[in-house]
Amino acid sequence: FWVTEYATPTGLVLWPPDSPVQTEEQQAAELVTHFVTMLGAQVSRVSWARFYENYRYLETEGGFFDHTGLIYNGLGDEAASRIEPGTKKQSYFAYQTLIAKVGSCSRVHRLGAGAYKFFFNDEDRDPVYILWDAGNTTAPADVSGPVTITDLSGSETEMAAEDLTLTPVPIFVEKR
């Protein structure tokens, strides 16, 4: 299976009515959690619908696809808010980090809710874990010892796995 046009918006969406308002951080977290969940369910490929936001996709401003890009278009409400065209959202960097960390994986193993292990054919490369709080704030048992944590923006921190507390925002974990 392939998912060819996945997207989730940011900001106030006027159509469809009653759409939830999401922050850039929420969009970035959803991008990673949804991609990882689909890959963990053996979806072969997942693609984001649009890199740049549309403008008046359905003839009026504020529709779903006017807010789903990874890069702002700088038109309409964005121009009024002085958001420059080409400004990258947090989801752009989350997508970039996701691809850098697991883009060449050979298989994915679901360890539990919010816990996935990505394997690679390269024998010198250790697996990468993608973890978030989906009902459990602790890492799986096989994540132990010193680890490198990468956040959605690509920033790395080193720590002991035992000190790790998961939140709803996913992180990339690699053994050191």
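**Salt bridges and pockets in a predicted model**

Let's start with a pair of side chains: Glu-158 and Arg-176 form a salt bridge, with their closest N and O atoms 2.5 Å apart. Here a salt bridge is a side-chain nitrogen of Lys or Arg within 4 Å of a carboxyl oxygen of Asp or Glu. Glu-158 sits in strand β7 and Arg-176 in the segment after β8, so the pair ties together parts that are 18 residues apart in sequence. Glu-158 counts as exposed, at 55% relative accessibility (buried means under 20% relative accessible area, exposed over 50%, partly exposed in between, with a 1.4 Å probe and protein chains only).

A word on the model: it is predicted, local features need pLDDT of at least 70, side-chain atom pairs count only at pLDDT 80 or more, and totals for chains, interfaces and linings use all residues. Residues are numbered from 1 along each chain as its sequence is written, and side-chain values use heavy atoms, leaving out hydrogens and water.

The count comes to five salt bridges. Two of the others meet at Lys-101. Glu-174 pairs with Lys-101, the closest N and O atoms being 2.6 Å apart. This pair links distant parts of the chain, with Glu-174 in strand β8 (residues 171-175) and Lys-101 in helix α3, 73 residues apart. Helices (H or I, at least four residues) and strands (E, at least two) are DSSP runs, numbered from the N terminus. Both Glu-174 and Lys-101 are buried.

Lys-101 also meets Glu-156 in a salt bridge (3.4 Å, N to O). Glu-156 belongs to strand β7 (residues 156-160), 55 residues from Lys-101.

Now to the open spaces. On a 1 Å grid over the protein atoms alone, a pocket is an open set of points where a 1.4 Å probe fits, with protein on both sides within 12 Å along at least five of seven lines; lining residues have an atom within 4 Å of a point. The largest pocket holds about 380 Å³ of space, a volume being the space filled by probe spheres set on the points, which are joined across faces, edges and corners. Its lining has 17 residues, with Leu-39, Ser-44, Val-102, Gly-103 and Cys-105 nearest the centre. Helix α3 gives the most to this lining, with four residues.

The second largest pocket has a volume of about 250 Å³. Of its 19 lining residues, Glu-53, Glu-61, His-67, Asp-77 and Glu-78 lie nearest its centre.
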